[in-house]
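Hi,

Here is the structure I promised to pass on.

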Amino acid sequence: MKPIISVENLGKQYLIKHKESRGGYRSLREELFTIPKRLFSKQEHAEMFWALQDVTFDVQQGERIGIIGRNGAGKSTLLKLLSRIAEPSTGRITVRGRVASLLEVGTGFHPELSGRENIYLNGAILGMTRNEIRKKFDEIVDFAGVERFLDTPVKRYSSGMYVRLAFAVAAHLEPEILVVDEVLAVGDAEFQKKCLGKMEEVSKGDGRTVLFISHNMEAVKQLCNQVMVLDSGKMLAMGNDTGKLIESYFAPQSGPTVWKGRETSKFLTVTEFGLKSFEGEMLSRPVGIDEDVVCYVECELEEVHSSFNIGVAVYSREGRCLFWTFTTDGPEDSWPELKIGRNILQFTIPKLFLNEGEYYVELMASLHQIAWLFEPVATPVVFHFTVEGGFSLSPLWLESRPAQLAPFFVWDNAESA
Amino acid sequence: MSMELTIEAGKTERQYWKDLWNYKELFLILTWRDIVVQYKQTVVGILWAVLRPLLTMLAFTFVFGSVAKLPSEGNVPYALMVYSAMLPWQLFSTALSSASNALVVNANLVSKVYFPRLLVPTATVGVAIVDFLLSMAILGVIMCIYRYLPPIQFFAVIPLALLGSVLALGPGLLLCSLNVTYRDFRYIIPFITQFGLYVSPVGFSSSVVPEKWQALFMCNPMVGVIDGFRWALLGTVEFPVKPLLISVVFATALLVTGVKVFRKTEKTFADVI
């Protein structure tokens, strides 16, 4: 049988302008005022950037493909090309069936319109005809669980209800090919499970094809029977060995346990992020299980914002997030004092806490509840480290424990006073 | 398998016009959405559509009719003469400004789903037409008050209104695509509609324009539409053959240019917006 999607040498090129323009768009004023400048300097300050290059693959009907890769790897670009939002610069895509893309839940939802009206609107935007929507209407409402609020404007919906309704419409699309980008990042755990279940049902039960981008490796593992790994616009691997491919994505590159560079987001510039020993030495060896280590962030601040915080996310090698920790986790008087200029923020990962294994650490930063500066998973500031050395100080336990953590707790006997 | 579609770099033209037809239902729904949203807060929405032409009519009647003492056409009340010109002008200016902003307003749609982008600005013209119909109803009321019976060629307003919409859509598409790349175009649009209002015979009759300026005056494509409206609704002027011809030529030329430019820049919308 012919593959349902064939992609040949697909590429997408973007023009990046090298000037201090704030956004993607220009203003006429800017353009007019730079005419003299451009007349005199022939050299074009633009650089071509391949967001996606030479990607070739086939997808058979009924396959569920997880697309993984770090931010900027080209995942979203690929989905945009497949769903025809953007036009490819090179290559060709042949699609044999109706594609519905779900790059964001609730695309086109209008806050003033009621739930009922939005179902029709959203359905039409996603490519359903009115008849199809009418037929599916009850099912959609049922899945979302919003019967009582059908005639309420969606601006009065809770965010949970909003997402549920939006996903419900999309899930009942019945396209041959469903393209999904990270919708599961929203909604509560129970609803996420429901969504995954629905997507599984759609593909396994009805033989539909699903392309799924997610940073949630658990979800990818659960849903997909194939994984494609993208890195800087190129396809590194694709296959049905999902577990292994996911691991390779999180696998440590050899080298010291530190990230060095210069990443700026708004008023924050990070220059170094890594682990050092308790004594302050750089580490380029595995961390002993009985060793306290310090995780530090060296950064420059242009201003001190009251809701600013920096945090760290630690992942296991399988991509499971183990914990987050932020500078502002404790009561306000325990927060580190920040100053304009250079700061070194640090905390100690205690000994006898993480089990043997490989870990992956991400830097996060945000203005709490306002904006991410470095968003988890999207952040480019990351490093790997390894923990080694059996389990504990006990003479009995020299091999490693099962499970991700190997904390040491002191036992006593309440009877022996 | 239901259909096969090949997306290839730089070869999407043929598919486009087919899609435009395939997405006709989305077009209807987008129009419906814009109308519903506009009139959602019912009292304010409809009141606005009534008040705007009425207040402008009062102001113009006062300034041009009572202060400047310009003559009306025949024995028609000055207010009625102004209002019958307000109708096509408001249709034109609402359609033009909403079409021009359509893509920027719907940026989230454009960057998240595929559909022929031409639908968005075109659908907003639908809202202008609904506004227009409301204003027509008010005209009926005003005519009753003045006990004025419109002439037989009354129904000519339908093609004339269509001409006005097309006349707005052409430059609307042009500005719409420019607006995506250069955001400051949005400041130009109110200027066009403001300026246009004073060079078009809305507050005055075309007959008051001095002979030596007539040729230049008629280059404004809205003159034909507005005089056409006065001919159809009031019967006070001759059927404006020459100005209408100019309007039709302008409308066609602008529409063709508008669509062309729009199509050319459309591919990059998702990248810049």
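Starting with chain A: of its 417 residues, 36% are buried, where buried means 20 or more other C-beta atoms within 10 Å of a residue's own, exposed means 12 or fewer, partly exposed is in between, and C-beta atoms are placed from the backbone. Bear in mind that this is a predicted model, where local features need pLDDT of at least 70 and side-chain atom pairs count only at pLDDT 80 or more, while totals for chains, interfaces and linings use all residues. Residues are numbered from 1 along each chain as its sequence is written, and chains are lettered from A and ligands numbered from 1 in the order in which they are written.

Taking contacts in chain A between residues at least 6 apart in sequence, 71% link residues at least 24 apart. A contact here is two C-beta atoms, placed from the backbone, within 7 Å.

For the classes, Ala, Val, Leu, Ile, Met, Phe, Trp, Tyr, Cys and Pro count as nonpolar, Asp, Glu, Lys and Arg as charged, and the others, Gly among them, as polar.

**A buried helix**

Why is helix α3 (residues 75-82) of chain A largely enclosed by the rest of the structure? Eight of its eight residues are buried, so the rest of the structure largely encloses it. The buried residues of α3(A) include A:K75 and A:K80 as well as A:L78 and A:L79. Just after α3(A), A:R84 has a positive phi of about 70 degrees.

**Sheets and strands**

Strands β10-β11-β13-β16 of chain A, in that order, form an open sheet of four with antiparallel pairing; pairing requires at least two DSSP bridges between two strands. β10 (258-265) and β16 (341-349) of chain A are the edge strands, each pairing on one side only. Neighbouring strands of this sheet are turned against each other by 20 degrees on average, direction ignored. Angles run from 0 to 180 degrees between N-to-C directions, and axes are lines fitted to C-alpha atoms, for helices over the stretch in contact. Strand β13 (residues 293-301) of chain A is joined to β16(A) by nine bridges, and A:V297 sits opposite A:L345 in β16(A).

Elsewhere, strand β14 (residues 308-316) of chain A runs antiparallel to strand β17 (residues 357-367) of chain A over nine bridges, with A:S316 partnered by A:Y359 in β17(A). β14(A) also has five antiparallel bridges to strand β15 (residues 321-326) of chain A, where A:G311 stands opposite A:F326. The hairpin of β14(A) and β15(A) has four residues between the strands, and A:G319 in it takes a positive phi near 95 degrees.

**Where the chains meet**

The contact draws 31 residues from chain B and 41 residues from chain A. On the chain B side, β1 (5-8), α2 (24-38), α5 (107-110) and α11 (241-272) of chain B each supply at least two residues, and α2(B) gives the largest share, six. By class, that side has 15 nonpolar, six polar and 10 charged residues.

What does α2(B) pack against? Its partner is helix α4 (residues 115-125) of chain A, at an angle of about 145 degrees with the axes 9 Å apart. Among the residues that meet are A:Y120 and A:L121 in α4(A) and B:I29 and B:R33 in α2(B). The residues of this helix contact comprise seven nonpolar, no polar and three charged.

A strand pair also spans the chains: strand β4 (residues 90-95) of chain A and β1(B) are antiparallel over four bridges, and A:I93 has B:I7 as its bridge partner.

Cheers
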